[in-house]
Structure formats: structure tokens, C-alpha cells
Amino acid sequence: MIATEGSLVVTNLRVEFDGFVAVGGVSFDAHPGEVRFLIGPNGAGKTTCIDAITGLSRGSGSAKLGDRELLGKPAHKIVRLGVGRTFQTASVFDELTVLQNLDIAAGLHRSSLSLLRARRGIDPAIERALEESGLGAERMTPAGILSHGQKQWLEIAMLLVQDAKVLLLDEPVAGMSQDERTATGELLGRVAANRAVVVVEHDMDFMRRFATRVTVLHQGRVLSEGSVSDVQSDPRVQEVYLGTAGAPSVTTIEGETH
Ligand SMILES: Nc1ncnc2c1ncn2[C@@H]1O[C@H](COP(=O)(O)OP(=O)(O)OP(=O)(O)O)[C@@H](O)[C@H]1O
Ligand SMILES: [Mg+2]
């Protein structure tokens, strides 16, 4: 796929912690219009890749949004360039309403003048994010009493009001019910229509249903890359999932149940 202004292109990304190579030269890309999955066993380096791209860990190599290099920039500048992420554990303000959470997220991108203007009514970007995330009816609900799924959608909505061009989501469906997973996959499809979306996920059934392309990491390196059927039929992927205790079992990757 041809890189555009909204494409994330990661090339030879490397992250070390005190000499331990957590990510040892990883390349992948994500383009508006696709949902790129990043999968791999525990400790493969998935979260570390996201941390490096978003400025939370120091990485070498390259991670570009369009023609702008992200590596080496502080985290807040990377957010302002349009790269948003979620964490493995939800990080919304429980005591505040959905609307208040979105208002805070929007504040990151507003000038003080537009902040003043926004006080008079709901910011159109917030209204769009409420609609897109399906949280319109929950706008006055305190985030703390949202369902687990709704909290994740609120986090995604917060990235939308920040005008994120790239969304990096770390295990968005962990702990969700089947219905919430389906709703999340559909939300990601809508979000990805004009943004690049990277999903780190262990749920292979979810991956099969909603991935456009997949990168498989193992021990800090790319083991396999391609469509869902490409990676599912790759013997190296099957071997890693079979041989790794605690990882999502190859039975789920092959579509069987145990
Ligand atoms: N701050 C850190 N200091 C030292 N080692 C770290 C640090 N962060 C991660 N690691 C190590 O780097 C490797 C990759 O970790 P990472 O969290 O990226 O894996 P992951 O693929 O996200 O795994 P999981 O699926 O369990 O979330 C692991 O061996 C982990 O212990
Ligand atoms: Mg992780």
C-alpha cells in the first residue's frame, strides 16, 4: 500500500532495556482504511513497540507519520502530531461524566480561545466522537459506572476528539463480552475508514474477524506478516503458538475450540 500523509511507517525499530533487546528491528506500517493487527505471545515486544512510537520508551530506527519522524520527540508532541494510544488498562476519569472526559481530551488540542468558545456549547468534535463511538446516550453517565466495553470506547472516543490520525490500541477487547467485542470490531472498522488503526490483541477470533493485515511478533522480531490467512497458514506462527505456554493457543488460531 502506498504511504500517505496519514500513514504510520515503522522501520527497523529497536528498543533495549539495560542491554536486553525487547524490540530488535521491527518494521510494519499502517494506513488509513485498514485495521493492522500486531499479535504475538506474551513478552513479544508489542507494547514496547507502541511505547517507542508514542515517546514513552526510547527507540532507534524510524517511526514516521507521513513524512514526520516520531522517534526522539517527547510524548506530548507525538500526541499533537496525531498519534493516539490506549493502554492495557483503561485510563479514564471515573468520577467525571463521559462528556467531561471528552472535554478534557479535547482540551489537549484546543487553543484557549476555542476553549472559551466551547464552553457555550458542545464542541462539534465531541459530538462527532460521541456519535462515532456509540456513546451518545451515555454522555451524562459517570465513566466509573460504564461497562468495561463502554470504557474502552470512551478511550477511543477521547482519541477521536484529539483528532488522532493514527490509533494504537493495546488489547482493546481484553475482558469484554462477545457482544462488546463485536461492537468494538465494528467501531474500529468505522474509525479506520479515514485513520490508521493498529490493534495489539491476543484474541485470535477477534483478529480473524476484524484484521485487514497482521504482523506477528516473536521475541522482539517480526515472525510473519500478511493477511489473516497468510499468517494462520505460516508454519513459523503455528510453531510459536504451539510452543509457548500461556500464549493464545494455536487451536484458536486454526479456528478450532478446546
Ligand atoms: N521497562 C522495561 N524494562 C525492562 N524490560 C522491559 C520493560 N518493558 C518491557 N520489558 C521487557 O520487554 C519484553 C517485551 O515486553 P512487552 O511488554 O512489549 O511485551 P508484549 O508483547 O506487550 O507482551 P504482553 O502480551 O504480555 O502484553 C518483555 O520481555 C518485557 O519483560
Ligand atoms: Mg503488552
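Guide: What follows goes from the ligand shell to the sheet, then to the core and two further spots. This is a predicted model: local features need pLDDT of at least 70, side-chain atom pairs count only at pLDDT 80 or more, and totals for chains, interfaces and linings use all residues. Residues are numbered from 1 along each chain as its sequence is written, while chains are lettered from A and ligands numbered from 1 in the order in which they are written.

Take the ligand shell. Around ligand 1 stand Phe17, Phe20, Ala22, Gly40, Asn42, Gly43, Ala44, Gly45, Lys46, Thr47 and Thr48. A residue is near a molecule if its C-beta atom, placed from the backbone, lies within 6 Å of it. By class, four of the shell residues are nonpolar, six are polar and one is charged. Here Ala, Val, Leu, Ile, Met, Phe, Trp, Tyr, Cys and Pro count as nonpolar, Asp, Glu, Lys and Arg as charged, and the others, Gly among them, as polar. Two elements, β2 (20–30) and α1 (46–53), each give at least two residues to this shell. The most come from α1, with three. Helices (H or I, at least four residues) and strands (E, at least two) are DSSP runs, numbered from the N terminus.

Now follow β2 into its sheet. Four strands make an open sheet in the order β2-β1-β4-β5, with antiparallel pairing. β2 and β5 (68–69) lie at the edges with a single partner strand each, so one side of each has no neighbour in the sheet. Two strands pair if DSSP finds at least two bridges between them.

β1 (residues 8–17) is joined to β2 by eight bridges, running antiparallel. Across that pair, Val10 faces Phe28 in β2. The two strands form a hairpin with two residues between them, and Asp18 has a positive phi near 45° there. β1 also pairs with β4 (residues 60–65), antiparallel, over five bridges. Val9 has Lys64 as its bridge partner in β4, and Arg14 stands opposite Ser60 in β4. In a regular strand, side chains alternate between the two faces of the sheet.

β9 (residues 213–218) and β10 (residues 221–226) pair in the antiparallel sense over five bridges.

Next, the core. The largest nonpolar core has 71 residues, of which Ala157 and Val197 touch the most other members. Such a core is a set of buried Ala, Val, Leu, Ile, Met, Phe, Trp, Tyr and Cys residues joined through C-beta atoms within 7 Å. Helix α6 (residues 148–161) supplies the largest share of this core, eight residues. At least three core residues come from each of domain 1 (1–82 + 165–258) and domain 2 (94–163); these bounds come from an automatic or database domain assignment. Setting aside residues up to four places away in sequence, Ala157 touches Leu102, Ala129, Leu130, Ser133 and Leu135. Contact requires C-beta atoms, placed from the backbone, within 7 Å.

Last, Phe206 in helix α8 (residues 204–210). Phe206 counts as buried because it has 22 C-beta neighbours inside 10 Å. The cut-offs, with C-beta atoms placed from the backbone, are 20 or more other C-beta atoms within 10 Å for buried, 12 or fewer for exposed, and partly exposed in between. Beyond neighbours within four places in sequence, Phe206 contacts Val173, Arg181, Gly185 and Glu201.

Definitions and conventions
Contact = placed C-beta atoms within 7 Å.
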